[in-house]
Amino acid sequence: MGLIVTVTPNAALDHTLYVDELRPGHRHRVRSEHAQAGGKGVNVARVLAGLGVAVRSVVILGGETGHAIHSDLERARLAPVVIAADGESRTCIEILEDRPGRATQVHGAGVRATAQTARALVAAAALRRDRRLHALALERDGGSDGVRGRGGAAAFPAHPDDLA
């Protein structure tokens, strides 16, 4: 099987807390906890990579939470391609209760994507296998819609029509 590219426009830092029983209005001691990058596309990439499939994860990220998500994607060897956006990437909290067997989820809002971000996302998702981009940032000066690599050199066009 060839390379699979997953796209996650609203990636998250998923934080799971394990408690005996959640009682609203009370203080709780967490028995254990776990945090990792998530979002539907990231979760699919994680499963595929575990099955030995080559994957690349295209994600829109912002802020310190975005840095944490990016680091986790790199640790998991999910070949992240990051498109920077304004705002803070979301944190999703899931509280798992042992006694009643319930799960409570609280999801943050996430980054503020623009039309320019969307164009870059579509273009980045079309990356060919031979492209080795580890972090992308939208060029914000000069009115260009290009995507730039870490060093500032043009790395990839931001419109799919520009793909050769």
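The model is a predicted one, and the protein it shows has three helices and ten strands. Of the 164 residues in the protein, 37% are buried.

**Overall fold**

- Among the contacts in the protein that have a separation of 6 or more, 61% are made by residues 24 or more positions apart.

**The four-stranded sheet**

- Four strands, taken in the order β3-β2-β6-β7, make up an open sheet, and their pairing is mixed.
- The edges of this sheet are held by β3 and β7, and because each of these two strands has a single partner strand, one side of each is left without a neighbour in the sheet.
- From one strand to the next, the twist of the sheet averages 15 degrees.
- Within the sheet, β2 and β6 run parallel and are joined by eight bridges, and Leu13 is found opposite Thr91 in β6.
- The helix α1 packs on the sheet, where it touches β2 and β3, and the direction of α1 makes about 100 degrees with that of β3.

**The largest pocket**

- The largest pocket of the protein has a volume of about 270 Å³, and its lining is made up of 16 residues.
- Of these lining residues, Asp14, Asn43, Cys92, Gln105 and His107 are the ones that lie nearest the centre of the pocket.
- Sorted by kind, the residues of the lining of the largest pocket comprise nine polar, four charged and three nonpolar ones.

**Gly101 and its loop**

- The loop between β6 and β7 contains Gly101, a residue that counts as exposed because its relative accessibility is 60%, where the cut-off for exposed is over 50%.
- Although Gly101 and Glu21 are 80 residues apart in sequence, their C-alpha atoms are 8.6 Å apart in space.

**Putting the parts together**

How values were computed. Residues are numbered from 1 along each chain as its sequence is written. This is a predicted model: local features need pLDDT of at least 70, side-chain atom pairs count only at pLDDT 80 or more; totals for chains, interfaces and linings use all residues. Side-chain values use heavy atoms; hydrogens and water are left out. On a 1 Å grid over the protein atoms alone, a cavity is a set of points where a 1.4 Å probe fits but cannot get out, and a pocket is an open set with protein on both sides within 12 Å along at least five of seven lines; lining residues have an atom within 4 Å of a point. Grid points are joined across faces, edges and corners, and a volume is the space filled by probe spheres set on the points. Ala, Val, Leu, Ile, Met, Phe, Trp, Tyr, Cys and Pro count as nonpolar, Asp, Glu, Lys and Arg as charged, and the others, Gly among them, as polar. Two strands pair if DSSP finds at least two bridges between them. Axes are lines fitted to C-alpha atoms, for helices over the stretch in contact, and angles run from 0 to 180 degrees between N-to-C directions. Contact means heavy atoms within 4.5 Å. Buried means under 20% relative accessible area, exposed over 50%, partly exposed in between (1.4 Å probe, protein chains only).
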